[in-house]
Amino acid sequence: MKFSFGIHKLWILPVIVLLATFSEGQAQSKFTFSGYVKDLSNGEELIGATIRIPELSTGVVTNAYGFFSITLPQGNYDVVVTYVGFEDMNYALDLSQNVSYNFEMGSESIVTKEVLVTGERIDANVQDIGMSKVKLDIDQVKKLPAIFGEVDIIKAVQLMPGVISAGEGTATYFVRGGGADQNLILYDEAPVYDPSHLFGLFSVFNPDVVKSSELYKGGIPARFGGRLSSILDVRSRDGNIKKFSARGGIGLLATRALIEAPIVKDKVSFLLAGRRSYVDLFFPLIPDVNDNNRVYFYDFNGKLNFKINNNNRVFVSAYLGRDVFKFGNTFQFDWGNQTISLRWNHVFNEKLFLNTTVVGSIFDYGLESFDEVGGFRWDSKIQETSLKFDFTYFMNPNLSLDFGYQGVYRNILPAKLKPNVESSIFQATELQRERALDHNIYLSADQNVSPRLKLQYGIRLNVFQAIGTYEQFVYIDPTDNISEPALNISDTIQYGSAEVIKTFVNPEPRFSARYLLDEYQSVKFSYNRMVQNVHQVTNGTIPLPFNTWTISSTYLDPQRADQVALGYFRNFKQNEYEFSVEGYYKHIEDITDFADNAQLFFNDHLANEFRQGTGTSYGLEFYVVKKRGRFTGSASYTLSKTELKVPDVNRDNPYRANYDRRHNLYVQAVFDLNKMFSFGGNFIYTTGRPITLGTGFNFYAPNHIPPVVTERNGYLLKPFHRMDLSMTYRPKSNERHRWQHSLVVSIYNVYNRFNPWTVYIRPVQDDDGNVVEGAGLEAVQVSLFGLLPSFTYNFEF
């Protein structure tokens with residue numbers, strides 16, 4: 001199934017609207033009101049604050065950098081600024097010329113008994129054009145139960161409608177039928193290729209550093225691209241520009257701390273944060289544990305914020321994190337991410353805003369053996385450097401344009417092996433590096449066609465080039481992964497430095513619409529095409545940090561996905577309750593998998609193992625949210641199906657994706673008893689995950705898992721369900737002192753269910769673990785966690 005929408009014609013739509021609006025704007029004198037909306041207590045820009053002009057029944061919201069701009073006819077207006085959780089602000093505007101003004105809003109949490117969740121406008125569920133999008137409030141997440149007491153934004157993402165976790169204790173998730181590598185995770189606009197600590201038990205995101213996070217599952221704006229299924233956009237705090245503050249926490253497995261302060265008040269500020277696990281520090285106290293064992297992770301976050309003037313701001317954000325597992329003097333494996341973002345916000349004038357970003361990102365992993373004979377060090381790395389220009393032009397209250405360019409350079413080292421002792425039997429070798437240039441330009445318009453109808457439409461053009469230095473093998477049969485590679489090569493082509501090997505050009509149209517039925521309900525529609533040119537090399541059910549990446553090239557086409565979604569959105573009781581139901585259909589072309597029994601380990605002819613086919617996913621997502629009051633929470637149910645068809649996989653027959661879980665129910669709740677105590681809870685139920693097991697056994701003994709069929713992902717694990725509870729205690733603090741602290745007690749898996757993590761095949765064993773000769777094979781379930789109590793002590797001053 002292929003889609004054709006006359007893509008080239010979409011380019012002219014913003015131009016037509018631009019000309020029409022420009023002509024309209026000449027009829028009377030107009031001026032522009034612009035500025036920033038900030039938090040009075042720390043100077044942080046507020047994303048999504050609403051600036052309303054009641055006299056004209058119009059308004060605007062701040063962008064991702066807290067900036068707003070609105071052009072109005074000359075006159076006097078009452079301006080109302082609102083942001084959930086803050087006191088409304090009123091401003092008398094005399095618009096006889098262009099006016100620039102910065103609002104500083106004070107939190108109302110200290111003067112109201114009502115609890116408010118998230119920084120969205122209160123009717124955003126109905127009014128905003130965005131659908132298939134979730135804003136995650138980190139303060140609300142902190143009140144919910146967390147495994148080992150470590151609050152994690154990724155674990156919160158896994159509880160959203162349309163999102164499926166790879167399994168217990170992982171940071172991997174799947175969105176609307178897409179693979180784990182089809183999710184783009186951004187930290188301050190820098191890509192994070194593997195977000196896991198301790199194999200996914202925690203993520204790389206320190207909760208104290210997170211300022212905002214948004215998950216896009218569909219209706220993805222044209223400024224985003226590079227992955228098929230979702231965008232997780234995480235942004236860090238800028239650093240308190242008003243006064244010194246600190247916060248942190250001590251948990252069962254890790255400790256974290258953060259400090260932020262002005263260097264020059266209201267001009268320059270910094271933020272520094274660190275986190276480390278410390279289980280390995282107690283190893284010397286545990287009998288029979290090697291003192292040289294090391295199991296730990298750490299991460300550091302840093303940020304500098306320079307306010308040059310009201311038209312220019314510069315941010316520098318950096319992240320460094322690593323996991324290390326060392327088993328005495330025998331073996332070690334480690335992995336980690338490094339990112340840096342340099343961002344410049346510039347206001348050209350009252351209508352034109354520019355964000356320029358330079359980004360660097362590295363993910364690498366290493367395996368090392370310290371054996372005197374077989375000692376080696378194995379390394380793999382992916383590096384990405386990008387330059388991005390994002391412009392926003394605020395034409396008038398009914399139209400704004402977003403346009404820009406992003407250029408990306410990638411350098412991938414699939415594998416490098418070298419001996420680490422002179423007596424090692426290994427010799428130094430490495431697989432060829434892969435390099436690519438990725439160019440993207442985009443243009444998008446946000447238009448209020450009428451008070452009821454709002455449109456967002458645009459296009460993104462992706463030009464991807466695989467480049468040298470590279471030695472390209474020419475295969476007689478690119479799908480032959482059985483013959484000796486030398487017998488399948490007809491020629492080799494040498495490409496010099498930066499010489500283009502293959503170019504792919506792909507347009508990505510985007511369209512969204514919102515129609516208001518009345519003040520409390522709306523209907524929304526979206527379509528987007530996404531293209532992906534980086535592919536994860538894995539055939540496992542759960543991605544591990546030791547998987548490598550490859551690029552689109554001669555024998556591997558870009559993956560493409562088209563998705564349509566239709567939804568109904570309704571608010572109840574003066575916007576206290578939000579309800580939505582969305583249906584989606586996604587079709588994927590050239591989805592990447594591997595032939596049965598593929599050899600992925602140190603394979604210089606990996607092109608022979610790739611297979612590309614099609615995938616379809618469709619489903620319904622029901623979502624109910626309560627964001628105000630002492631009792632808040634959400635419930636979601638997703639019914640979905642995902643099926644793949646790839647040549648040479650599953651005997652060319654369609655098969656279920658290993659992340660296809662038909663039924664998913666998530667419930668979250670928080671009850672604020674008073675200012676001192678709050679209680680949280682989660683309940684999760686999902687259909688069992690499909691996996692592929694070995695074949696040929698026939699074992700029906702009681703208490704064992706029954707035989708499996710022979711097809712790919714043909715066996716379903718048992719259903720997964722779990723309940724977690726937590727309590728947060730905040731002692732009364734002396735108002736003369738700024739010190740605040742809290743104790744969080746959590747119980748993970750309250751009723752102690754041993755959920756299946758995976759199943760493996762082994763020879764039948766008796767109760768003492770001895771193999772029973774001639775009894776065949778049996779399937780054995782592996783579970784990770786039963787009931788787990790934990791606590792975390794948090795402080796702030």
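Trainee: What is the mean pLDDT of the protein chain?
Mentor: The mean pLDDT is 86, and 90% of the residues reach 70 or more. pLDDT is the predictor's confidence in each residue, from 0 to 100. This is a predicted model, so to speak of local features we need pLDDT of at least 70, and side-chain atom pairs count only at pLDDT 80 or more, while totals for chains, interfaces and linings use all residues. Residues are numbered from 1 along each chain as its sequence is written, and side-chain values use heavy atoms, with hydrogens and water left out.

Trainee: Where does pLDDT stay under 50?
Mentor: Over residues 16-27, for one, where the model has ten contacts (heavy atoms within 4.5 Å) beyond four places in sequence. Residues 109-119 also stay under 50, with 26 such contacts. Where pLDDT is low, the predicted coordinates should not be read in detail.

Trainee: OK, overall fold. How many helices and strands?
Mentor: Six helices and 49 strands. These are DSSP runs numbered from the N terminus: helices are H or I with at least four residues, strands are E with at least two.

Trainee: Now the largest nonpolar core. Which residues touch the most other members?
Mentor: Ile 147, Phe 148, Leu 201, Phe 202, Trp 378, Ile 551 and Phe 785, out of 35 residues. A nonpolar core is a set of buried Ala, Val, Leu, Ile, Met, Phe, Trp, Tyr and Cys residues joined through side-chain atoms within 4.5 Å.

Trainee: Which strands supply it?
Mentor: Those with at least two residues in this core include strand 23 (331-347), strand 25 (376-396) and strand 35 (548-551).

Trainee: What does Phe 148 touch?
Mentor: Its contacts include Leu 201, Phe 202, Leu 252 and Phe 785, not counting residues up to four places away in sequence. Apart from this core lies another, of 30 residues, among them Ile 153 and Val 204.

Trainee: Switching to charges. How many salt bridges are there?
Mentor: The whole structure has 43. A salt bridge is a side-chain nitrogen of Lys or Arg within 4 Å of a carboxyl oxygen of Asp or Glu.

Trainee: How far apart are the closest N and O atoms of Arg 322 and Asp 334?
Mentor: 2.7 Å. Arg 322 lies in strand 22 (residues 312-327) and Asp 334 in strand 23, so the pair ties together parts twelve residues apart in sequence.

Trainee: Why does Arg 322 count as buried?
Mentor: Because its relative accessibility is 15%. Asp 334 counts as buried too, at 3%.

Trainee: What about Asp 590?
Mentor: Asp 590 pairs with Arg 560, closest N and O atoms 3.0 Å apart. Asp 590 is in strand 37 and Arg 560 in strand 36, 30 residues apart. Both are buried.

Trainee: Which residues form a network of salt bridges?
Mentor: Glu 189, Asp 233, Arg 235, Arg 343, Lys 388 and Asp 390 are linked that way.

Terms used: Buried means under 20% relative accessible area, exposed over 50%, partly exposed in between (1.4 Å probe, protein chains only).
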